[in-house]
Amino acid sequence: MNAFKLLSRSTNLRATAKSGVAPTTQSLPSQGEVRDPRVYGRGADTRLQGTKRKRGQQTNEDKPEDLGELDFFGDASTRKAKKQRDSRSKDPSDVHDDTNIPHINDEAPEDPVAGEEECRQILKTHKIKATKLWNPEDGPDETASKKKMKKKKNRIEEESTKKEKRKRAEIIPQPLTHFSQLQTRYHVHRKVCDNLGDQGYEMPTEVQMGGLPLLLDNSGPQIDLLSVAPTGSGKTLAFLIPVINAVKRERGRAGADHKEKGVKAVILAPTKELASQIVNEGRKLALNTGIQITMLRKGMKIGDQGTTDDRNGHNSQKSDENAEKGGEDEQDDHKSKPEMVVKADVIVSTPLAMVHALAGPNKTVGNLPTTTMFILDEADVLLDPLFREQTLSIWAACSNPQLRVSLWSATMGASIEDLAASQIADRWAALPQQETKTTKRAPLVRLVIGLKDSSIPSIHHKLVYAATEQGKLMGLRQLLRGDPAATTSSIGKGPSETAAPVLRPPFLVFTQTIARAVALHAELLYDIPIEAGGSSRIAVLHSDLSETARDNVMTRFRKGEIWVLITTDLLSRGVDFRGVNGVVNYDFPNSSAAYIHRVGRTGRAGRQGGVAVTLYAKEDIPYVKNVANVIAASERMKDVGQSDGMSQWLLDMLPKVSKRDKQKLKKGGVESRRTGKEDVKTRISTKSGYERKIEARRKGAVEGSQRRAKAEPQKTTNDVSDDGFDGFD
Ligand SMILES: Nc1ncnc2c1ncn2[C@@H]1O[C@H](COP(=O)(O)OP(=O)(O)OP(=O)(O)O)[C@@H](O)[C@H]1O
């Protein structure tokens, strides 16, 4: 099948008829919305049987504190305090808070309250697991004193203390099985629920089923949360709904005239693309609520912030590998722009932009005394050594003792969890005595959806051995042609290779560095026939492009004008393209987490049929096992008969990846592909070494003659150039 047949099928019906390309029977993510956005237990009927309640009737069970029999961590005083808060917020005289106005969703389906056993069953079906990592009932938290243990023997004590302390008690939140329960059960502001309905959201995903009941409270989240949920499973809504509702509730209580100034919530994301996407989602949710959500950009300052000395100092440098790793990309030229003061309820930012916004004169660092919600999206990247100092300095700037923190990612290693837990504990320990007397420390809860740090089971994973760089280029060209052979996995044993799903545009291609993405783009630019749109169908996106150029490429890809987008890990995290049919790892990912996030750009919101093809060469073999293990785990979660299989014998044969190799790979990717380290074998080009040598010689000759021409007096036009160079042939 040639590229024309494949790529023109969606641009010219006649061509399809002529080319006879049968419309694909393979289900594809690009075929539009799916009814069931969940990853696990799809199609399961999660209507709660429980004890029926009359339509519109508010029963005691509605209020969070009335989940007494399920109340997994509040003691009597907490429940009583919540009851007082709730009754206050429902004061009929409170004209600003229209909680009392009949809600649009009063026609909502029955919303029975389920018993613990039924909840447990639903949570099990959808692989939702919530555990408390720390709870006021557990007594003083040793975490803060962890740092005092210095010697090795203490470390052994620490381990046993940590294990003993971590009484991981499973908690059973009442799952949110329909968005209408946001109003009937959690009194989420009507306008927020209307906006959710207007966007067509009906059924909560697993992270929303488990996360929203934990975070929704009329006075704002009452817990700190670590949430690990698969890529494309709706984490953004899971943290935006509680934030917007809490700001709206507070506004209602304070009354519009006395709207308290200052930023109420800070959301951090590792890249501008992701931050911009979160702002868009948030604005759609906050429509007509009066809530301001703004993305912090270079040179912006935050209004109404306090100031503290820059005791911590912070490192605001940018590094190239930072950008490659899906890091942020701000240049340090923010000083050149006039400062714009931002006044918003919710600020979304990359760490660097926020650090610059907080930096004051004479090394003072501003603080955010009114911020009570701090959200880290892609938290494992934000707390990775590359960003850690910036992220922790922003966390420290959130000085409000009522601060609630939530961390979100599809991958969150134990070290990140421990770092977050100790940061929360240390922060509490550092609060002034009078604060801790009047403020109750929040429980720390961990919510895991499915198998932690794994890839969604709906994706078809293919590991293809290409031996050399040239082999990878050939393999990619086969994929462009839609050649089924190109997705024949070297270590998979699909039901039959011909059944192996074919990679269809639009798809993403990931390379290790910006230079390689640019080179690959140049190499493939003319592979797509003019009739199918030619070079306009393929583009490259990386952090060295201007903001305008990046926005333009993102828009064209989202519109479906671009079919193949070559990029670096800049787009591997969080960025949501609903209709991406697949992902090609042209260069091997730097870690299993990078693999999970890259391939997670497809198969989002329950879409089926996504394909992930990973090309690997000889130099990648030492690292393949990590990715193969992720694929094997994902295959095991597939429904019976759906699995593409993973040859266990080959898995066992693959060399184990040493800790040192893992760290080296994570830090800079495969050595021979690093910028400036490439050699003839790994450089991306079909020009042979000989051709490149000739070209370089010619280029040198041209430069030499240009230098001589500048040095000598102008010759008359009929003089023959004495360097014998007569132009390119
Ligand atoms: N309840 C829902 N029903 C249908 N679609 C949903 C629902 N919740 C979220 N989505 C859609 O799912 C897609 C992925 O959502 P989102 O980007 O929040 O995923 P994520 O978990 O943050 O992914 P990642 O781990 O890659 O950041 C988005 O297009 C969003 O509109």
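Where does Thr231 lie? Thr231 is in the loop between β3 (224-228) and α10. Helices (H or I, at least four residues) and strands (E, at least two) are DSSP runs, numbered from the N terminus.

## Basis of the model

This is a predicted model, in which local features need pLDDT of at least 70, side-chain atom pairs count only at pLDDT 80 or more, and totals for chains, interfaces and linings use all residues. Residues are numbered from 1 along each chain as its sequence is written, and side-chain values use heavy atoms, with hydrogens and water left out.

## The chain as a whole

The protein chain has 25 helices and 19 strands. Of its 729 residues, 55% count as buried. Buried means under 20% relative accessible area, exposed means over 50%, and partly exposed is in between (1.4 Å probe, protein chains only).

The protein chain exposes about 32300 Å², and carbon and sulfur atoms supply 54% of this area. Accessible areas come from the Shrake-Rupley method with a 1.4 Å probe; for residues, only the protein chains shown count as cover. Contact means heavy atoms within 4.5 Å. Among contacts in the protein chain with a separation of 6 or more, 83% are between residues 24 or more positions apart.

Thr231 has 4% relative accessibility, so it counts as buried. Leaving aside neighbours within four places in sequence, Thr231 is in contact with Ala410, Ile456, Ile596, His597, Gly600, Arg601 and Arg604.

Gly603 is placed in the loop between α21 (592-599) and β19 (611-617). With a relative accessible area of 6%, Gly603 is buried. Not counting residues up to four places away in sequence, Gly603 touches Pro29, Ile456, Ser458 and Val580. Gly603 and Leu651 are 48 residues apart in sequence, and their C-alpha atoms are 25 Å apart in space.

Two packed helices are described by the angle between their axes and the distance between the axes. Axes are lines fitted to C-alpha atoms, for helices over the stretch in contact, and angles run from 0 to 180 degrees between N-to-C directions. Helix α9 (residues 206-215) packs against helix α10 (residues 235-254) at an angle of about 20°, with the axes 9 Å apart. That makes α9 roughly parallel to α10. Angles under 35 degrees count as roughly parallel, over 145 as roughly antiparallel, 65 to 115 as roughly perpendicular and the rest as oblique. The contact involves Val207, Gln208, Leu212 and Leu215 of α9, and Lys235, Leu237, Ala238, Ile241 and Pro242 of α10. By class, the contact of α9 with α10 has 7 nonpolar, 1 polar and 1 charged residues. Here Ala, Val, Leu, Ile, Met, Phe, Trp, Tyr, Cys and Pro count as nonpolar, Asp, Glu, Lys and Arg as charged, and the others, Gly among them, as polar. In α9, 10 of the 10 residues are buried, so this helix is largely enclosed by the rest of the structure.

α10 also packs with helix α11 (residues 272-285), at an angle of about 50° and with the axes 10 Å apart. α10 and α11 are therefore oblique to each other. Thr236, Leu237, Phe239, Leu240, Ile241 and Ile244 of α10 make the contact with Ile278, Glu281, Gly282 and Leu285 of α11. The residues in the contact of α10 with α11 divide into 7 nonpolar, 2 polar and 1 charged.

## Helices α13 and α15

The axes of helix α13 (residues 351-358) and helix α15 (residues 385-397) come within 9 Å and cross at roughly 50°. That makes α13 oblique to α15. In this pair, Pro351, Leu352, Met354, Val355 and Leu358 of α13 meet Phe387, Gln390, Thr391, Ser393, Ile394 and Ala397 of α15. By class, the contact of α13 with α15 has 8 nonpolar, 3 polar and no charged residues.

## Backbone details in loops

Lys127 is not a glycine but has a positive phi of about 55°. Lys127 lies in the loop between α4 (116-125) and β1 (128-134), and with a relative accessible area of 40% Lys127 is partly exposed. Asp453, also not a glycine, has a positive phi of about 55°. Asp453 is in the loop between β13 (444-449) and β14 (460-467).

The peptide bond from Pro505 to Pro506 is cis, with omega near -5°. Pro506 is in the loop between α18 (469-480) and β15 (507-510).
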